[in-house]
Amino acid sequence: MPFARLALRMPLLALIHRSASCLIMCGAGLQSPGYARMIGTMNCTRCKTKAVLKLPRHNAAFCKDCFNSFVHDQVYKAIRSQEMFGKNDRILVAVSGGKDSLALWDILLKLGYKTDALYVNLGIGGYSESSQEKVVHFSKTVAAGYGAVLHIHTVEREGGAGIRELAMMVHRPTCSTCGTIKRYQFNRIAVEQGYDVMATGHNLDDEAARLLGNVLHWQNEYLEKQGPSLPASVDGFAKKVKPLYRLAERELAAYCVLNGIDYVVEECPMAQGARTLLYKEVLNRLETESPGTKQMFYWGFLEKSRTTEMPTNIMEKDRSTLHPCSLCGQPTTAETCSYCKLMARANTSTAG
Ligand code: SF4
Ligand code: ZN
C-alpha cells in the first residue's frame with residue numbers, strides 16, 4: 001500500500017512505532033500505554049488546537065503546523081548558532097533513504113537553502129534497492145520542484161563489488177569499510193562539484209550516543225571533532241555540518257510521517273549488534289526517567305567546547321598533519337589515503 005494511504009489509515013503514533021529504529025528511540029514517553037490516550041486530550045502549546053505529538057523534553061505538545069514550525073526553527077537555530085552556511089552557499093546533503101537525511105533535505109529546501117543531495121548505493125541487496133527507491137522518489141516528487149539535483153554513486157560500479165564483499169576482500173569489518181568509502185566519496189563529490197558545505201542527517205540521539213561512547217573510552221581525538229560544524233581545514237576537505245543536532249530521532253520520524261515523506265524503515269542489516277545501539281538504549285532509559293537528559297548531555301558538551309575554541313585547534317592540527325594522498329590527492333596523514341589503500345588491497349585480493 002502506498003505510504004500516503006497507509007498514513008491516512010494508521011494513527012501517527014502507530015506509524016512511528018512501525019519503524020525498526022523506534023525500539024531505540026522511544027525514550028520520552030511515547031511507549032507508555034497511557035500515552036495515546038493522553039495525547040488525545042491535549043492541546044497544542046502554541047495555537048491551542050488539538051495536539052498530535054507531545055515533546056516531554058520541551059514540556060510541550062504540538063499540532064501538525066506548529067510542530068513543523070518548531071522543527072524548522074530548531075534547524076534554523078542550529079545553522080545560525082554554529083555558522084554552518086548562508087543562503088548563497090551550495091549545500092550537498094548525504095542522503096541514505098532513512099528518515100533523518102530525507103527530513104533534512106526537505107527542511108533545508110523549505111527554509112530556502114540551495115540544497116542538492118548525494119546517495120551512495122552500498123550494494124547491500126534489497127536494503128540498498130529499497131533505500132535508493134525512496135531517495136529517487138523524494139527527489140522526483142519533492143526536491144525537483146525546488147530545482148534540486150540528486151547525485152548517485154554506486155560502490156559496485158567503481159569498486160567492482162558491494163560493501164560486504166569489499167570488506168571480506170580486505171579482511172575488515174563491513175561498517176569500517178563502509179565508513180571509509182562513504183566519507184571518501186561524500187568529500188570527493190562535494191569538492192569536485194564545488195559545494196560550499198556537506199550536510200549529514202545526524203540527530204541529537206546519534207550525537208549523544210557517540211559522545212557517550214567517546215567519553216567512556218576517553219577518545220580525546222574524536223571528542224575534538226564531535227561538534228556539529230567542522231571547518232574545511234585544508235584544501236581538498238569540504239566543510240561538514242550536522243543541522244539536525246537539536247532534534248531527536250522520534251521528532252524526525254514524526255516529521256516524516258506528518259509530511260508524507262516515505263523513508264526506508266528497516267535499519268541497514270549490518271547495523272545489528274552495533275555498540276551505538278546499546279548507547280542509544282541506555283540514553284533512552286535515562287531520557288524516560290528524566291526528559292531532556294540527551295539534550296543536556298550533548299548541548300552541555302558543545303557549550304564547554306565552545307569556550308575552549310576547538311575549531312581553531314582542529315584547523316591548526318589538520319594543517320600541520322595533512323597533505324595530499326600520492327594517488328588521489330585527498331588530504332591524508334599517510335603517504336596514501338585509507339580509501340586508496342583499501343581499494344589497492346581489494347584489487348590485489350581479486351587478482352589473487
Ligand atoms: Fe554502512 Fe554499517 Fe551503517 Fe550499514 S550499518 S550503512 S554498513 S556503516
Ligand atoms: Zn587517495
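1. Helices (H or I, at least four residues) and strands (E, at least two) are DSSP runs, numbered from the N terminus. By that rule the protein chain has 16 helices and 10 strands.

2. This is a predicted model: local features need pLDDT of at least 70, side-chain atom pairs count only at pLDDT 80 or more, and totals for chains, interfaces and linings use all residues. Residues are numbered from 1 along each chain as its sequence is written, while chains are lettered from A and ligands numbered from 1 in the order in which they are written.

3. Burial first. A residue is buried if 20 or more other C-beta atoms, placed from the backbone, lie within 10 Å of its own. Of the 352 residues of the protein chain, 39% pass.

4. Next, the core. A nonpolar core is a set of buried Ala, Val, Leu, Ile, Met, Phe, Trp, Tyr and Cys residues joined through C-beta atoms within 7 Å. The largest has 80 residues, and Val93 and Trp105 touch the most other members. Leaving out residues up to four places away in sequence, Trp105 touches Val93, Val95, Thr115, Ala117, Phe138 and Ala143.

5. Now the sheet. Strands pair if DSSP finds at least two bridges between them. Six strands form an open sheet in the order 5-4-3-6-8-7, with mixed pairing. Strand 5 (150-154) and strand 7 (229-230) stand at the edges with a single partner strand each, so one side of each has no neighbour in the sheet.

6. Helix 5 (residues 99-110) packs on this sheet, touching strand 3 (90-95), strand 4 (114-121) and strand 6. Its direction makes about 160 degrees with that of strand 3. Axes here are lines fitted to C-alpha atoms, for helices over the stretch in contact, and angles run from 0 to 180 degrees between N-to-C directions.

7. Strands 3 and 4 run parallel, joined by six bridges. Val95 stands opposite Tyr119 in strand 4. Six of the eight residues of strand 4 are buried. Strand 6 (residues 197-199) pairs with strand 8 (residues 239-241), also in the parallel sense, over three bridges. Ala199 faces Val241 there.

8. Helix 9 (residues 174-192) lies across strands 3, 4, 5 and 6, at about 145 degrees to strand 4. Helix 9 also gives the largest share of the shell around ligand 1, four residues. Among the residues around ligand 1 are Cys175, Cys178, Cys268 and Met270.

Methods: Buried ≥ 20, exposed ≤ 12 C-beta atoms within 10 Å, placed from the backbone. Contact = placed C-beta atoms within 7 Å. Near = placed C-beta within 6 Å.
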